[in-house]
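Open the structure in your viewer and keep the selection tool at hand. The tour below goes stop by stop, saying what to select and what is there.

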Amino acid sequence: MISSKTTPRALAHSLGTTLPKLNYTVYKLGVSRFYNEFEIEKSDGGKRTINAPEGRLKIIQDRLKVLLDELYSPHPSASAYIKERGIVYNAKKHVKRKVVANIDLKNFFGTIHFGRVRGVLIAKPYCLRADTATLIAHICCLDGVLPQGSPASPVISNMISRRMDRELSLMAKKNRAHYSRYADDITFSFKSKKDTELFDFKNRSVGSKIVRCIEENGFSLNERKTRIQFSSERQTVTGLKVNKKINIDRRYIRETKAMVHSLSFGSLEANKKFIDKYGRDDAQLEDVVFGRVAYIGMIKGRDSSVYQGLARKFNNLDWDRKLSINPGKILKDLEWSGFAFKAEGYRARFEQCVWVVSFDGVKGLGLDEMLVSGSAFSLKGGRVLTAFHVFVKAGMPDYCYLYRINKPGKKYKAKIKSVYEDRDVLELKFDEEVENIRYLDVAPNKFPGTGYELAVLGFPQLHPGHQSLTILPCKVVNTYIGSTFRYCEVDAQISGGNSGGPVVNAYMQVVGMALRGVDVASHEDRVELEGSNAFISAEHFPSP
């Protein structure tokens with residue numbers, strides 16, 4: 001955790017590196033060389049420029065994001081990029097209102113410049129040292145502004161916007177209105193159609209008081225995107241209908257149905273039509289449809305007839321990935337009750353069996369590769385397993401170092417014993433004697449079905465200072481075959497650092513290994529899910 005006492009040297013240590021190495025990356029090499037710039041299409045036909053960090057800078061920013069998340073206290077009206085909040089949280093307070101007013105901030109990230117980032121970190125309530133705040137601003141900014149695409153940009157934008165959130169929410173309260181903000185999308189809603197000091201409903205325009213507040217906080221209004229919607233019209237907030245309840249626009253559902261129907265006539269022809277219509281060749285239509293149907297299920301509920309119908313039609317397609325059609329009746333028997341508590345009770349044992357995979361100090365690797373981390377675990381029979389792709393990210397060295405999270409100073413050298421690239425599994429062998437080594441058992445039932453309660457063990461978003469294993473309770477929501485191997489999809493987010501960690505059942509036995517995570521991409525009124533939070537079945541582990 002960072003505080004007012006954190007020095008640049010301590011910050012570098014918290015980011016898993018040294019100050020000389022961090023300074024070399026930020027100042028000598030320059031952050032601009034680590035960005036990949038590309039464009040994505042906006043719903044209005046325009047283009048949005050994304051600058052995504054790569055290599056060592058992405059790893060550093062990922063770790064910095066964790067530290068900044070711990071530092072930031074979210075305002076109740078902020079909805080974007082905050083755990084357990086999102087578009088549904090943002091839309092809830094605007095349901096069944098006479099008037100819904102949506103306004104947009106122009107060039108949101110581009111107006112947050114280096115000086116503002118540095119300034120907000122130095123000011124109350126964060127009160128960071130000036131030299132530490134300066135270093136953070138250099139790490140996070142590109143060409144003097146906050147780039148859209150950096151993992152650290154969202155939390156910093158929320159920090160910058162906190163004063164504006166407070167002032168606008170007070171204005172809303174005085175005018176008996178509700179206020180929320182999702183990134184650059186601001187929404188007010190009212191019980192009455194009578195004009196207020198905030199809006200001129202007759203002329204559908206924004207009042208000077210709001211404009212002045214926005215400008216005094218360093219932003220500007222995009223007047224072209226102002227929308228004032230009455231209850232007799234279709235009212236939407238962050239792409240969701242809010243007239244009577246939170247719902248999805250019928251046009252979105254009709255479009256998704258058409259996509260599923262198109263796929264039923266063959267993937268090649270459907271993808272060609274998709275590219276011709278939307279101009280997108282960066283994703284397969286099957287992936288897009290999978291995400292859209294899953295999104296419909298998230299908003300309308302998996303027991304809704306709309307989701308059930310779309311999911312069944314999608315599952316009838318000749319494709320490996322399948323959507324869950326279980327309406328949510330989860331298997332419950334005595335063995336599963338109190339699972340999370342039971343898992344916590346085994347923490348001390350788990351921390352003897354689950355290892356941090358580190359490449360720091362491995363000869364011949366660059367800084368990018370040394371910053372890669374993952375999870376591993378020891379099984380009865382003397383096996384130590386991790387994910388093959390963790391080693392690939394580190395440049396495929398011959399060995400790594402393993403350590404227990406509660407004893408980071410005691411590292412053990414472990415060499416590659418066997419590689420199973422087709423299933424993304426790698427077996428390690430300790431190169432030295434290990435103190436008090438403990439082992440996990442493999443479950444007799446290595447392929448749990450839909451509804452089973454499990455836990456993913458590992459070290460997501462690891463950074464120096466972490467002292468405990470992350471135990472992530474989850475449920476199996478889908479099972480599928482991928483390249484002849486069995487996978488289970490779970491309802492929890494598998495993050496970076498979880499890769500290679502064990503997935504355990506209620507008896508604390510291993511049923512699989514965490515390998516895959518999902519990215520959720522939100523583009524105004526379009527949401528897409530890419531990938532799946534899944535683990536490979538333990539039946540595919542190498543034999544002892």
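Helices and strands are DSSP runs, numbered from the N terminus: a helix is H or I with at least four residues, a strand is E with at least two. This is a predicted model, in which local features need pLDDT of at least 70, side-chain atom pairs count only at pLDDT 80 or more, and totals for chains, interfaces and linings use all residues. Residues are numbered from 1 along each chain as its sequence is written, and side-chain values use heavy atoms, with hydrogens and water left out.

**Stop 1: two backbone details**

Select Pro-125, in the loop between helix H5 (114–122) and H6. The peptide bond leading from Lys-124 into Pro-125 is cis, with omega near 10°. Then select Ala-183, in the loop that runs between strand S4 (177–182) and strand S5 (185–190). Ala-183 has a phi near 60°, which is positive although the residue is not glycine. Most residues other than glycine have a negative phi, and most peptide bonds are trans.

**Stop 2: helices H3 and H6**

Select helix H3 (residues 55–71) together with helix H6 (residues 130–140); they pack at an angle of about 130°, with axes 10 Å apart. Because of that angle, H3 is oblique to H6. Axes are lines fitted to C-alpha atoms, for helices over the stretch in contact, and angles run from 0 to 180 degrees between N-to-C directions. Angles under 35 degrees count as roughly parallel, over 145 as roughly antiparallel, 65 to 115 as roughly perpendicular, and the rest as oblique.

Which residues of H3 and H6 make the contact? Leu-57, Ile-60, Gln-61 and Leu-64 come from H3, and Ile-136, Ile-139 and Cys-140 from H6. Contact means heavy atoms within 4.5 Å. By class, the contact of H3 with H6 has six nonpolar residues, one polar and no charged ones. Here Ala, Val, Leu, Ile, Met, Phe, Trp, Tyr, Cys and Pro count as nonpolar, Asp, Glu, Lys and Arg as charged, and the others, Gly among them, as polar.

**Stop 3: helices H9 and H12**

Move to helix H9 (residues 250–263) and helix H12 (residues 305–315), which pack at an angle of about 20° with their axes 10 Å apart. H9 is therefore roughly parallel to H12. From H9, Ile-253, Thr-256, Lys-257 and Val-260 meet Val-306, Leu-310, Lys-313 and Phe-314 of H12. The residues in the contact of H9 with H12 are five nonpolar, one polar and two charged.

**Stop 4: the barrel**

Select the six strands that close into a barrel in the order S12-S13-S14-S17-S16-S15, with antiparallel pairing. Neighbouring strands of this sheet are turned by 40° against each other on average, direction ignored. Two strands pair if DSSP finds at least two bridges between them. Strand S14 (residues 383–387) pairs with S17 over four bridges, in the antiparallel sense. Within this stretch, Thr-386 has Leu-426 of S17 as its bridge partner.

**Stop 5: Arg-423**

Finish at Arg-423, in the loop between strand S16 (412–420) and strand S17 (425–430). What does the side chain of Arg-423 make a polar contact with? The partner is the side chain of Asp-422, at 3.3 Å. A polar contact is a pair of N or O atoms within 3.5 Å; within protein, one must be able to donate a hydrogen and the other to accept it, and residues adjacent in sequence count only if both atoms are side-chain atoms. Apart from neighbours within four places in sequence, Arg-423 is in contact with Phe-485, Leu-515, Ile-536 and His-540.
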